[in-house]
Amino acid sequence: MLNNKVRTRFAPSPTGYMHVGGLRTALYTYLIAKKAGGIFILRIEDTDTARYVEGAEEVIIKTLRDTGLIYDEGPDIGGPVAPYRQSERKELYKTHAQKLCEKKAAYYCFCEKEEKDDTVLLVDVCRDLPYEGSKQRVDAGEPYVIRMKAPKEGETTVDDVVFGKITTPNKILDDMVLIKRDGMPTYNFANVVDDHLMGITHVMRGSEYLSSAPKYNILYDAFGWEIPIYITVSPVMRDAQNKLSKRHGDPTYDDLIALGYLPDAVLNYIALLGWSPGGEQELFTLQEMLEVFDISGISKAPAIFDIIKLNHFNSEYIRKMSPEEFTEIATPYIKKAIHNENISIDSIARLLQARCEKLSDIPEKIDFFEALPDYETDLYIHQKSKIDKTIAYDMLIAAKSGFENLTEWTNEPISYMLKEMAVDLDVKNATLMWPVRIAVAGKSVTPGGAVEICEILGKEEVLRRIKIGIEKLK
RNA sequence: GGCCCGUUGGUCAAGCGGUUAAGACUCCGGCCUUUCACGCCGGCAACACGGGUUCGAGUCCCGUACGGGUCACCA
């Protein structure tokens, strides 16, 4: 049924949000499967009943859909090894754990929850209990957990594609819990059982699981199962000391989207955190990543998430869009600042596309279209063009009459008129354009120049603002 | 603390025994220009430290320092 195809899985715990590191893991696992023409699976690891979050699974599914990481099997679409929610596989784990008990590779443990240090003795007691006796106590309804019987001697070598071979003496391995008192499996156990039962060939995990990996191998061996290929990735950090975390205020995927970052840009940027394609290209579509992705490019060292660089990726993606696409996604942000229906959203969008890093920057960049800010006349001073307030005043007076006589209000005539006027006045374009732009915008930095802004504002509003400027400079 | 892992500019990173140690972001100049931005040109800036091995070490080995992970009936 599962052939020899490459099968990978993204196995998040439904926490209610998708963190950046999680998305990166999803991306890599997707790439590994798809690059090999294999199957990408979504499995929900909801074994911690105490942590249940309403709607969390939907967040995961939506994120994968929005970023284009399409899975072939999953809880909502089913598949040959369903169910894909661990909570629905409870019996499976129990049966398998019991099998291990029968084989004496695991045992029933009746000890109370560990009180940190002094439990080793208690555990040891249960470890050596005869199977039959324990089984009877279990059948009689006594509460228990099932623990793995870790070997006390020898050593176990884990082979990881990223970290290489790591050998651990077995004596330091503890008898980890497989089935919890509530009957649910632990992450460690469910992961092993599911990865095998679902035919997962490449197992990607965060480096926090590296030290548990020997125990997974022992489990695979106890079952007589083939050990999958391990690919361990280091975390995405917020700084050299701390992992990126929602708790510390670091943005989740949804936060980034809400901030006006594009899904493709986010995906592209995080792909490069801890993985390098080797060449000099940095901008990749998902399809292109598929072509160049290679596990050998994954690095062992953690990478720090740098939102400044994400800004760069995002602006690249914005500039790459067609004007129509950009207008469509920018419109909601433009409308946050612009309520006047006479103002052309499309025209503003055109000005914005080359000048914004993220969509959330838009409203403050264009608010002057809606209402002229109360600006200081110092804005009229421009050292480089040798413009002072007196010159600015003269320019505005001239521009006013020019605008008044203008009959056709589109880009070309406005531009032509202003340039002609600069010639008549015997000044450089900038000497005239600068004061005009300040007068109509009321701020020194604007998307677009004087001509574009005037065109969008319309004749009446431009004259009104020019007059205000003249008054201010008097 | 034990065990494990990591360490190339501020950040992401290339490099796999011989290089003037790539590239990108940031920052700083310059050009272009009606502002800003885009674009173009240029610049600052790195192999954590100490020992080996070698003709030769960012690359291999051993220490040290620093950082991280783990040592849960959480994942």
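## Ground rules

Residues count from 1 along each chain as its sequence is written, while chains are lettered from A and ligands numbered from 1 in the order in which they are written. Since the model is predicted, local features need pLDDT of at least 70 and side-chain atom pairs count only at pLDDT 80 or more, whereas totals for chains, interfaces and linings use all residues.

Helices (H or I, at least four residues) and strands (E, at least two) are DSSP runs, numbered from the N terminus.

## Around the RNA

Let's start with RNA strand B, which has 60 residues around it; Arg181, Tyr187, Ser276, Met433 and Gly449 come nearest. Here, near means that a residue's C-beta atom, placed from the backbone, lies within 6 Å of the strand.

Helix H17 (429-441) is among the elements that supply at least two residues each, and H17 gives the most, with 5 residues. Strand S6 (164-169), strand S11 (303-304), helix H11 (307-320) and helix H18 (450-457) also reach that mark of at least two. By class, this surface has 23 nonpolar, 20 polar and 17 charged residues. Nonpolar covers Ala, Val, Leu, Ile, Met, Phe, Trp, Tyr, Cys and Pro; charged covers Asp, Glu, Lys and Arg; the others, Gly among them, are polar.

## A three-stranded sheet

Next comes an open antiparallel sheet of 3 strands in the order S3-S4-S7. S3 and S7 are the edge strands, each pairing on one side only, and the twist averages 40 degrees from one strand to the next. Strands pair if DSSP finds at least two bridges between them.

Strand S3 (residues 106-109) is joined to S4 by 4 bridges; Cys109 has Val145 as its bridge partner, and Tyr107 has Arg147. On the S7 side (residues 177-179), S4 makes 2 bridges, and Arg147 is partnered there by Val177. Strand S4 (residues 145-148) is covered on both faces, with Val145 and Arg147 buried on one side and Ile146 and Met148 buried on the other. Buried means that 20 or more other C-beta atoms, placed from the backbone, lie within 10 Å of the residue's own.

## Two crossing helices

Finally, the axes of helix H3 (residues 90-102) and helix H6 (residues 187-197) come within 10 Å and cross at roughly 95 degrees, so H3 is roughly perpendicular to H6 (65 to 115 degrees). Axes are lines fitted to C-alpha atoms, for helices over the stretch in contact, with angles from 0 to 180 degrees between N-to-C directions.

Leu92, Tyr93, His96 and Ala97 of H3 meet Phe189, Ala190 and Val193 of H6, contact being C-beta atoms, placed from the backbone, within 7 Å. This contact has 6 nonpolar, 1 polar and no charged residues.

Definitions and conventions. Parallel < 35°, antiparallel > 145°, perpendicular 65-115°, else oblique. Contact = placed C-beta atoms within 7 Å. Buried ≥ 20, exposed ≤ 12 C-beta atoms within 10 Å, placed from the backbone.
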